[in-house]
Amino acid sequence: MIEVKNVYKSFDGVEVLKNVSARFEPGKVNLIIGRSGSGKTVLLKSIVGLHEVDKGEIIYDGRSFTNMSEKDRKQIRKEIGMLFQGSALFDSKTVEENVRFPLDVFSDLSVAEKKERTNFCLKRVNLENANNLYPSELSGGMQKRVAIARAISLNPKYLFCDEPNSGLDPKTAIVIDELIYEITKEYNMTTIINTHDMNSVMGIGEKIIFISEGQKVWEGSNNEILISDNKQLNDFIYASKFLKQVREGFLKKGI
Amino acid sequence: MTFLFHTGRYFLFLKKVFDKPVKLNIFFKQIIDEIDDLGVGSLGIVAIISVFIGAVITLQTAYNIELPIIPKYTVGVAARDTILLEFSSTIVSLILAGKVGSHIASEIGTMRVTEQIDALDVMGINSASYLVLPKVVAMVFINPFLVMISMGIGIFGGWAAGAFTGVVPSAEYIYGIQYAFIPFYIVYSLIKSVVFGFLIATISGYWGYYTTGGSLEVGRCSTRAVVVSSIQILLFNLILTQLLLA
Ligand SMILES: Nc1ncnc2c1ncn2[C@@H]1O[C@H](COP(=O)(O)OP(=O)(O)O)[C@@H](O)[C@H]1O
Ligand SMILES: [Mg+2]
């Protein structure tokens, strides 16, 4: 479980996160949702230590990441896999080298064992026969898969995904969502996903945190989200007229 | 103010860069790749520039000597000393600041704006050290070789220009380049080249590493890298000349 306690973060005097607290549960797909610019990426990067928080605490299964030495943090970092918004594959390395990279740096496996693990991860994301391609030769969806394979190569306990289906067509987006969902269940990971995509919210949102202008406004599950009467949340979800009408129809039927 | 900010952050950056590599075998492989990329990849431009400048120095010196009593071999002496003292170390390093510096800054800058550096940091890798240290080692190692090669080719270019135009006869030039030769001039140039190699790699790495924004900023930071490393090369040229030759 990852706990975020009363976290504040500002850049050049502008407060981006204001007193955010949340718990992210193991074996579940936890979502952070909100509009563009609401602070989702800053929150996720604060949790993994890419940003230092100004106030508050981040706790990984009882271990206070915030108050830890850089040396101890390295231990936790080995348990973290992260998928960045633009995939962030190393463009001078092939697909295989990208996925093998964490193994090269952190494991003492033999060449054959690393190869086996790399192929296993690539197979897990349904990407075979692409080992020797470079990231620039792949479609957006394939890049995401490689990035997922790289993120899981060291068998992480925690998986972070920043808008995993941004820039993908709706069908590919769902495939990536389901892949992350399955992997989370298979390895009982604590997964946190940033998204503003309602398909993801309804499809895989077991635990949802809604943030607006850097504050947590609502939390719940995908079963609760449609019937919530939180105004800010409704403004976010029912952004289109069409969806508003759907909701009214919904409520009339008395569900 | 910004000058102080960048100077301070540059030294903190250096402290990050000079960290123990995670795995030595990966580090050595990176160094070899960088030597190939930054050093061997620059051989062509260094050779072309050296042969032409050597030729021009020789011809200009020859045409500027009007008194018939000055022997022709002095052209060889002048060309040699210009090439050994200034041209091969400083001018070649300035050109490398343009070629290698912009390459380093845009490569690292692109990695920054596409979150590849974040990806390294999340894994617990010291990204500054991982990305920049191999380039620093490679440049410090390879720059003296490039400078020596430039010296040889430059002096050859001078000979070729003098001999083929008939302005400086071959025998006179060859006598000239050996006349009153001071070996320390080579040492002096090699010391400079080590310092310049260090400046190019660290300054360009710095500007690339702290890029923020998108592709426009990557372009901007690589221009900054070239300008700042060129100025620093000129400044350190002055300082080292005073220290080593005074
Ligand atoms: N490194 C930074 N420096 C300054 N401001 C930043 C930085 N990162 C994010 N911000 C600001 O923080 C706010 C939230 O950004 P972000 O977390 O990226 O939003 P999103 O919810 O779309 O992921 C934005 O207003 C953005 O401009
Ligand atoms: Mg974002």
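E3(A) has I59(A) as its bridge partner in β4(A). Strands here are DSSP runs of E with at least two residues, helices are runs of H or I with at least four, and both are numbered from the N terminus. Two strands pair if DSSP finds at least two bridges between them.

Before you start, note that this is a predicted model: local features need pLDDT of at least 70, side-chain atom pairs count only at pLDDT 80 or more, and totals for chains, interfaces and linings use all residues. Residues are numbered from 1 along each chain as its sequence is written, chains are lettered from A and ligands numbered from 1 in the order in which they are written, and side-chain values use heavy atoms, leaving out hydrogens and water.

**Exercise 1.** In what order do the six strands of the open sheet stand?

*Solution.* Reading across chain A, the order is β6-β7-β8-β3-β9-β10, with mixed pairing. β6 (80-83) and β10 (215-220) of chain A are at the edges with a single partner strand each, so one side of each has no neighbour in the sheet. From one strand to the next, the twist averages 15° (axes are lines fitted to C-alpha atoms, for helices over the stretch in contact, and angles between N-to-C directions run from 0 to 180 degrees). For a parallel pair, take β3 (residues 29-33) and β9 (residues 207-212) of chain A, with four bridges; there I33(A) stands opposite F210(A).

**Exercise 2.** Which backbone atoms approach ligand 1?

*Solution.* Take the polar contacts (pairs of N or O atoms within 3.5 Å) one by one. A polar backbone atom of G37(A) is 2.7 Å from an oxygen atom of ligand 1. For a backbone N or O atom of G39(A), the distance to a ligand oxygen is 3.1 Å, and for one of K40(A) it is 2.9 Å. The protein covers 57% of the 560 Å² of accessible area that ligand 1 has on its own (Shrake-Rupley method, 1.4 Å probe).

Technical notes
A polar contact is a pair of N or O atoms within 3.5 Å; within protein, one must be able to donate a hydrogen and the other to accept it, and residues adjacent in sequence count only if both atoms are side-chain atoms.
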